[in-house]
Amino acid sequence: MAAARLLGQWLRASGAGPAPARAVWRSVLAVPSRAGLAWRPSRCGSSAAEAPATKAEDDSFLQWFLLLIPVTAFGLGTWQVQRRKWKLKLISELESRIMAEPVPLPADPLELKNLEYRPVKVRGHFDHSKELYMMPRTMVDPEREAREAGRLSSSAQSGAYVITPFHCTDLGLSILVNRGFVPRKKLNPDTRKKGQIEGEVDLVGMVRLTETRKPFVPENNPERNHWYYRDLEAMAKLTGTEPIFIDADFTPGELASKAPRKLLAKRLAGDQCQHPPSPQRAQSPEDPSEGRPE
């Protein structure tokens, strides 16, 4: 007993905790230790120290996240203001081009690159035997569009723009002219013979350049004469004309409704000058003696 008492005093003096002392006692008394059990120091103190650090990190992340909200809103607002200025400038530039006085169509197609949306004047005659159809299209009608603003559906008729080769007498070359809109039931030229103008005429039209196919737009189908975008090279090759394209503005006959040029400028700017709708021509190819297409 005296030896055990001395051993216990020595262990306490050496700073050993209760768990090591218990282990020594087991070895002294020849008591086997349980397998799989080992003494480990308590971690309560370290967990208590880590909790404030974790909370501080969470608070810091939340502060940065809340700071991003006004910064992002300010950036988007600035972008919208700059975009509005750019769009107003673009509309003004397009209006100045569209409202300009017509100039003679240049003989060099390379000069047309700087004349898009500029009115030009030509004289010659149509070749109705090689009509092309850009479809599907609808007739531009500002009054109808104003009435139907906000509606999910539209009463507009689906049809096509009639593209007709036009031989320019003065220049000695043929170009492509968008004569206007016809509904699907009038695609056949035999159903609109009064609109097939014969003889020489003076035309004023707006220069348009070729387009590239946009996503989700079908490929052109020359075999069926269905054109979904302006591929001037392919159109010119099929009709034997130059790759020059104008949207006709004034043609002989009784005037029909057409989109105002200022409205057209806004539409062109709204579509970033890529694939804007063409205005309704002064005369529909359906029938020059009728005010509107059926």
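**Note on the predicted model**

1. Leu 62 is found in helix H3, which spans residues 44–98; helices are DSSP runs of H or I with at least four residues, strands are E runs of at least two, and both are numbered from the N terminus. This is a predicted model, in which local features need pLDDT of at least 70, side-chain atom pairs count only at pLDDT 80 or more, and totals for chains, interfaces and linings use all residues. Residues are numbered from 1 along each chain as its sequence is written, and side-chain values use heavy atoms, with hydrogens and water left out.

2. Leu 62 counts as partly exposed because its relative accessibility is 46% (buried is under 20% relative accessible area, exposed over 50%, partly exposed in between, with a 1.4 Å probe and protein chains only).

3. The chain has 6 helices and 7 strands. Their order along the sequence is α-α-α-β-β-β-α-β-β-β-α-β-α.

4. Of the 294 residues of the chain, 36% count as buried. Among contacts (heavy atoms within 4.5 Å) with a separation of 6 or more, 68% involve residues 24 or more positions apart.

5. Strand S3 (residues 132–138) is largely enclosed by the rest of the structure, because 5 of its 7 residues are buried. S3 and strand S4 (residues 158–168) run antiparallel and are joined by 5 bridges; strands pair if DSSP finds at least two bridges between them. Leu 132 has Ile 163 of S4 as its bridge partner.
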